[in-house]
Amino acid sequence: MEKQRLEDIRKTIELFKLINRCNHSGQQFTEYARFYKYTNEDLANILMQMDLRNTKSALCPTASGDHALNLAYFGVKDIDTFDCNRVTEYYSKFKEMAVLCLTYEWFQKMMLNTRTSKNHEIEMEVIRSLPEVYRKYWEEVMYVINDTKKENKGVFELTRLDGEGTRSDNNIYQRSKEDFDKLKRNLRDTKITYTNCDIKEIPELYGKKDFISFSNILEYRRNIFHNDYECAEFIKKVYNEQLNDFGDLMYFYNYFDEPQKVMEFKEFMMYLNFGMKKTYGSCQGEALTLKKF
């Protein structure tokens, strides 16, 4: 096993032990941190409003794995994902394999009832089906989790605090057996990659895409860029150099329960004087996009 993978196992075990001592730890967006169980964006309703019929390639955050899975549901076949948190790769691959090897009923049991005694058996079935590098990671991590926690959530012991990112209906593939089975069929010939990187590295790491999403990462833009102008120039660079003609750049997601942040970002949008701005909304929030012509 390569050195980085061994380091990932060691650091994840350290993260779990830290969480075990203090339930509120591991919440920061760092190299080894908790992950969201589900997306907290209304991806189902947002993506249904968009025309993705000619979208063949995409770039999106790894996060909970749901950005990639929802895009795969809509037929996107080449999906690259990025995240500063290394643990998200392992969770996203686990969730991808769970779709492929479980029925809709068992997937929902696993995702919605993480504290049941049956859940450990379902998780282990998924882990045994993973490619070796991911299987070994989860076997090592689960060994420690099960050794130190009598009542545990297994894989989900590493999710962010209950109540954050817990809406399964944000995923179109979880809404019905038919939707789940459609994703399962699509995943068999979909390529999803995982890269650990900072958002600022994207121009150097990726080629052109039909669809690019930054989720709500730029909510923290003042921790990433020196000022709003530099952030706007970054978006412009990605738009000009990495977005294919007729492609969509989803550069921000506004949550309606955070009105102050909504107003702040609408002021920032004045710096974006290129592309065709379009907003896709739902009852929870709205995705802000730039269309390239």
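A salt bridge here is a side-chain nitrogen of Lys or Arg within 4 Å of a carboxyl oxygen of Asp or Glu. With that cut-off in hand, here is a first stop: Glu7, Arg10 and Glu14 are linked in a network of such bridges. Keep in mind that this is a predicted model, so every number below is computed from its atoms.

**Salt bridges**

By this rule the chain's count comes to 17 salt bridges. Three of the pairs are set out below.

| Pair | Closest N to O distance |
|---|---|
| Glutamate 14 and arginine 10 | 2.6 Å |
| Lysine 200 and glutamate 230 | 3.9 Å |

Glutamate 14 and arginine 10 sit 4 residues apart in helix H1 (residues 3-21), which puts about one helical turn between them. Glutamate 14 is partly exposed, at 38% relative accessibility, and arginine 10 is partly exposed too, with a relative accessible area of 40%.

Aspartate 181 and lysine 177 are both in helix H8 (residues 177-187), again 4 residues apart, or about one turn of the helix. Lysine 177 counts as partly exposed, at 38% relative accessibility.

What about lysine 200 and glutamate 230: which parts of the chain does this pair tie together? Lysine 200 lies in the loop between strand E3 (191-196) and helix H9 (202-205), while glutamate 230 belongs to helix H11 (residues 228-242), so the bridge ties together parts that are 30 residues apart in sequence. Lysine 200 is partly exposed at 35% relative accessibility, and glutamate 230 is partly exposed with a relative accessible area of 24%.

**The chain as a whole**

Zooming out, the protein chain has 12 helices and 7 strands. Its radius of gyration is 19 Å, close to the 19 Å that the globule rule gives for 293 residues, so the chain is as compact as a globular protein of that length. Along the principal axes, the C-alpha atoms fill a box of roughly 55 × 40 × 40 Å.

How much of the chain is buried? Buried residues make up 57% of the 293 residues. The accessible surface comes to about 13500 Å², and carbon and sulfur atoms account for 48% of that. As for contacts, take those between residues at least 6 apart in sequence: 74% of them join residues at least 24 apart.

**Two nonpolar cores**

The largest nonpolar core has 63 residues, and those with the most contacts inside it are Leu71, Phe94, Phe107, Met110, Trp138 and Val155. Leaving aside residues up to four places away in sequence, Phe94 touches Met110, Glu123, Val126, Ile127, Leu130, Trp138, Val155 and Phe156. Apart from this core lies another, of 28 residues, and among its members are Ile202, Tyr206, Phe225 and Leu290.

Isoleucine 202 is found in helix H9 and counts as buried, at 0% relative accessibility. With residues up to four places away in sequence left out, isoleucine 202 touches Leu59, Phe82, Phe214 and Gln242. Valine 238 is 36 residues from isoleucine 202 in sequence, yet their C-alpha atoms are 8.0 Å apart in space.

**Positive phi, and a patch on the surface**

A couple of backbone angles deserve a look. Serine 215 has a positive phi of about 55° although it is not a glycine. Serine 215 lies in the loop between strand E4 (209-213) and helix H10 (221-224). Is serine 215 buried or exposed? Serine 215 is buried, with a relative accessible area of 5%.

Phenylalanine 246 is another residue other than glycine with a positive phi, near 70°. The place of phenylalanine 246 is in strand E5 (residues 243-255), and it counts as exposed, at 58% relative accessibility. Together with Met276 and Phe293, Phe246 forms a nonpolar patch on the surface, and the three have about 370 Å² of accessible area together.

Technical notes
Residues are numbered from 1 along each chain as its sequence is written. This is a predicted model: local features need pLDDT of at least 70, side-chain atom pairs count only at pLDDT 80 or more; totals for chains, interfaces and linings use all residues. Side-chain values use heavy atoms; hydrogens and water are left out. A nonpolar core is a set of buried Ala, Val, Leu, Ile, Met, Phe, Trp, Tyr and Cys residues joined through side-chain atoms within 4.5 Å. Buried means under 20% relative accessible area, exposed over 50%, partly exposed in between (1.4 Å probe, protein chains only). Contact means heavy atoms within 4.5 Å. Patches are made of residues with over 30% relative accessible area and no salt bridge: like charges are joined within 9 Å, nonpolar side chains (Val, Leu, Ile, Met, Phe, Trp, Tyr) within 5 Å. Accessible areas come from the Shrake-Rupley method with a 1.4 Å probe; for residues, only the protein chains shown count as cover. Helices (H or I, at least four residues) and strands (E, at least two) are DSSP runs, numbered from the N terminus. The radius of gyration is taken over C-alpha atoms; the globule rule is 2.2 Å times the number of residues to the power 0.38.
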